[in-house]
Amino acid sequence: MGWQKRGSGRKYDSKSGVGTLIGDQTGKVVGRGIRSSDCRVCTYWEGKNVEPQEHKCTRNWFGSAKGMEPDVGARLIEDIETKNCQVSTVIMDDDTTTMARIRRTIQHPIKKLSDTNHIKSQFNNKLWNLKNTFKNDLTKPAITHLNRCFSYAL
């Protein structure tokens with residue numbers, strides 16, 4: 001899932017987000033979902049306190065921006081499963097909300113794996129946290145070297 005505007009950890013206020021479902025073996029996009037909480041036509045007429053005229057409205061989301069990812073994730077897997085294709089594993093970031101929504105929506109067990117970028121990022125963060133305990137042993141070059149070795153192994 002990607003957003004028009006990045007969340008800060010405290011504030012998630014992007015007006016739109018795009019999620020994609022990519023096949024593991026083909027590497028091709030097999031589904032996409034767009035959530036938008038904004039429509040320029042509606043916003044213009046709402047500012048004038050007038051009912052908007054008939055138009056192709058882009059607004060399809062009325063919740064918070066943080067809720068877009070779980071909604072899109074569950075909907076994409078639901079859509080692909082209606083085409084007689086069973087999803088057994090999902091590789092994604094470590095967002096537990098999305099996985100909980102998927103498991104609540106889908107009636108069979110689905111395994112979750114972390115994507116490599118998030119695994120590397122978590123490893124890096126843990127090394128920097130350990131640096132406070134082992135100040136003399138974990139220098140910046142040592143952490144950089146360990147990260148590089150971990151990336152090669154991964």
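Which residues does M99 touch, not counting residues up to four places away in sequence? The answer is M92, I110 and K112, where contact means heavy atoms within 4.5 Å. The model examined here is predicted; local features need pLDDT of at least 70, side-chain atom pairs count only at pLDDT 80 or more, and totals for chains, interfaces and linings use all residues. Residues are numbered from 1 along each chain as its sequence is written, and side-chain values use heavy atoms, with hydrogens and water left out.

M99 lies in helix 3. With a relative accessible area of 3%, M99 is buried. Buried means under 20% relative accessible area, exposed means over 50%, and partly exposed falls in between (1.4 Å probe, protein chains only). M99 and G23 are 76 residues apart along the chain. Their C-alpha atoms are separated by 17 Å.

The overall fold was considered next. The protein has 5 helices and 5 strands. Helices (H or I, at least four residues) and strands (E, at least two) are DSSP runs, numbered from the N terminus. The order of elements from the N terminus is β-β-β-α-α-β-α-β-α-α. The radius of gyration, taken over C-alpha atoms, is 21 Å. A compact globule of 154 residues would have a value near 15 Å, by the rule of 2.2 Å times the number of residues to the power 0.38. Along the principal axes, the C-alpha atoms fill a box of roughly 65 × 45 × 25 Å. Of the 154 residues, 26% count as buried. Among contacts between residues at least 6 apart in sequence, 39% join residues at least 24 apart.

The nonpolar interior follows. In soluble globular proteins, nonpolar side chains tend to be buried together. Leaving aside neighbours within four places in sequence, I102 is in contact with G73, A74, I77 and I110.

Pockets were then examined. On a 1 Å grid over the protein atoms alone, a pocket is an open set of points where a 1.4 Å probe fits, with protein on both sides within 12 Å along at least five of seven lines; lining residues have an atom within 4 Å of a point. Grid points are joined across faces, edges and corners, and a volume is the space filled by probe spheres set on the points. The largest pocket holds about 820 Å³ of space. It is lined by 30 residues, of which T20, L21, I22, V90 and I91 are the closest to its centre. Strand 2 (16–22), helix 2 (68–81), strand 4 (89–92) and helix 3 (96–105) each supply at least two lining residues. Helix 2 provides the largest share, 6 residues. By class, the lining has 15 nonpolar, 11 polar and 4 charged residues. Ala, Val, Leu, Ile, Met, Phe, Trp, Tyr, Cys and Pro count as nonpolar, Asp, Glu, Lys and Arg as charged, and the others, Gly among them, as polar.

K111 is found in strand 5 (residues 111–114). Its relative accessible area is 49%, so K111 counts as partly exposed. Beyond neighbours within four places in sequence, K111 is in contact with S88, T89, V90 and R103. K111 and R35 are 76 residues apart in sequence and 25 Å apart in space, C-alpha to C-alpha. W45 is found in helix 1 (residues 40–47). W45 is partly exposed because its relative accessibility is 24%. Leaving aside neighbours within four places in sequence, W45 is in contact with V50 and P52. From W45 to F62 the separation is 17 residues in sequence and 18 Å in space, C-alpha to C-alpha.

N49 is not a glycine, yet has a positive phi of about 55 degrees. N49 is found in the loop between helix 1 and helix 2, and is exposed at 74% relative accessibility. N84 also has a positive phi, near 60 degrees. N84 is found in the loop between helix 2 and strand 4. With a relative accessible area of 78%, N84 is exposed.
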